[in-house]
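Q: I would like to learn how to read a structure feature by feature. Could you walk me through this one?

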Amino acid sequence: NTRLPDPEVLDWRSPGRLEEFRNRTASGGRGQWQGAKGVIRRIRFLEPMTVAILSDHRITPPFGLAGGAPGQVGQNWLEHLDGTLELLPGSASVQVQAGAVLGIATPGGGGYGSLRPQKLDLFAE
């Protein structure tokens, strides 16, 4: 849910526990104005269930404007009980066991404006 519900709401509405919720450093595109940071969330499931995810910008990065660089693509993954990681596509439905962890790294925003220094014309009127 890209609305980013409060951890208490997530815990109350689903059989899962939010274990991590932080900014995703260096995910915003560079530019005169840097793109917004994405976030990383890790949710541990307390019982077996089916998880469905629908997300964008997992292959194509969010574009920058006016010379700004694109942001980082997002990622989805499942951490199985045996420690293996399974990368998930942007649209997926998976069965999870109790104790498994779903990781979601949202994409960063594209930057705006070029980083090139502007020429100063001392003789312009």
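**Reading the model**

A: The protein exposes about 8,600 Å², of which carbon and sulfur atoms supply 54%. Please keep in mind throughout that this is a predicted model.

Q: Which elements does the protein contain, and in what order do they run from the N terminus?

A: There are one helix and seven strands in the protein, and from the N terminus on the elements run α-β-β-β-β-β-β-β. Of the 125 residues, 35% count as buried. Among the contacts in the protein with a separation of 6 or more, 68% are accounted for by residues 24 or more positions apart.

Q: How should I read the nonpolar core, and which of its residues touch the most other members?

A: In soluble globular proteins, nonpolar side chains tend to be buried together. In this model the largest nonpolar core has 14 residues, and those touching the most other members are Phe 45, Val 51, Leu 78, Leu 88, Val 94, Val 96 and Leu 102. Two or more residues each are given to this core by β2 (38–45), β3 (49–54), β6 (91–96) and β7 (101–105), and the largest share, three residues, comes from β6.

Q: Which nonpolar residues form a patch on the surface?

A: The patch consists of Trp 33, Phe 63, Leu 65 and Tyr 112, which together have about 490 Å² of accessible area. Tyr 112 is placed in the segment after β7, and Tyr 112 counts as partly exposed because its relative accessibility is 42%.

Q: When I look at backbone angles, what is the phi of His 57, and what is that of Ala 66?

A: Phi of His 57 is near 55°, which is a positive value in a residue other than glycine; phi of Ala 66 is near 50°, again a positive value in a residue other than glycine. His 57 is found in the loop between β3 and β4 (75–79), and Ala 66 is likewise placed in the loop between β3 and β4. With a relative accessible area of 34%, His 57 is partly exposed.

Q: How many salt bridges are there, and where does Glu 19 take part in one with Arg 42?

A: Side chains of opposite charge can pair when their charged atoms come close. In this model the count comes to five salt bridges. In one of them the side chains of Glu 19 and Arg 42 meet at 3.7 Å, N to O; this pair links distant parts of the chain, with Glu 19 in strand β1 and Arg 42 in strand β2, 23 residues apart. Glu 19 is partly exposed, with a relative accessible area of 35%, whereas Arg 42 is buried, with a relative accessible area of 17%.

Q: With which residue does Arg 42 form a salt bridge in which the closest N and O atoms are 2.7 Å apart?

A: That residue is Glu 79. Arg 42 lies in strand β2 and Glu 79 in strand β4, so the pair ties together parts that are 37 residues apart in sequence. Glu 79 is buried, with a relative accessible area of 18%. Through salt bridges that share partners, Glu 19, Glu 20, Arg 22, Arg 42, Arg 44 and Glu 79 are joined into one network.

Technical notes. Residues are numbered from 1 along each chain as its sequence is written. This is a predicted model: local features need pLDDT of at least 70, side-chain atom pairs count only at pLDDT 80 or more; totals for chains, interfaces and linings use all residues. Side-chain values use heavy atoms; hydrogens and water are left out. A nonpolar core is a set of buried Ala, Val, Leu, Ile, Met, Phe, Trp, Tyr and Cys residues joined through side-chain atoms within 4.5 Å. Buried means under 20% relative accessible area, exposed over 50%, partly exposed in between (1.4 Å probe, protein chains only). Helices (H or I, at least four residues) and strands (E, at least two) are DSSP runs, numbered from the N terminus. Patches are made of residues with over 30% relative accessible area and no salt bridge: like charges are joined within 9 Å, nonpolar side chains (Val, Leu, Ile, Met, Phe, Trp, Tyr) within 5 Å. Accessible areas come from the Shrake-Rupley method with a 1.4 Å probe; for residues, only the protein chains shown count as cover. A salt bridge is a side-chain nitrogen of Lys or Arg within 4 Å of a carboxyl oxygen of Asp or Glu. Contact means heavy atoms within 4.5 Å.
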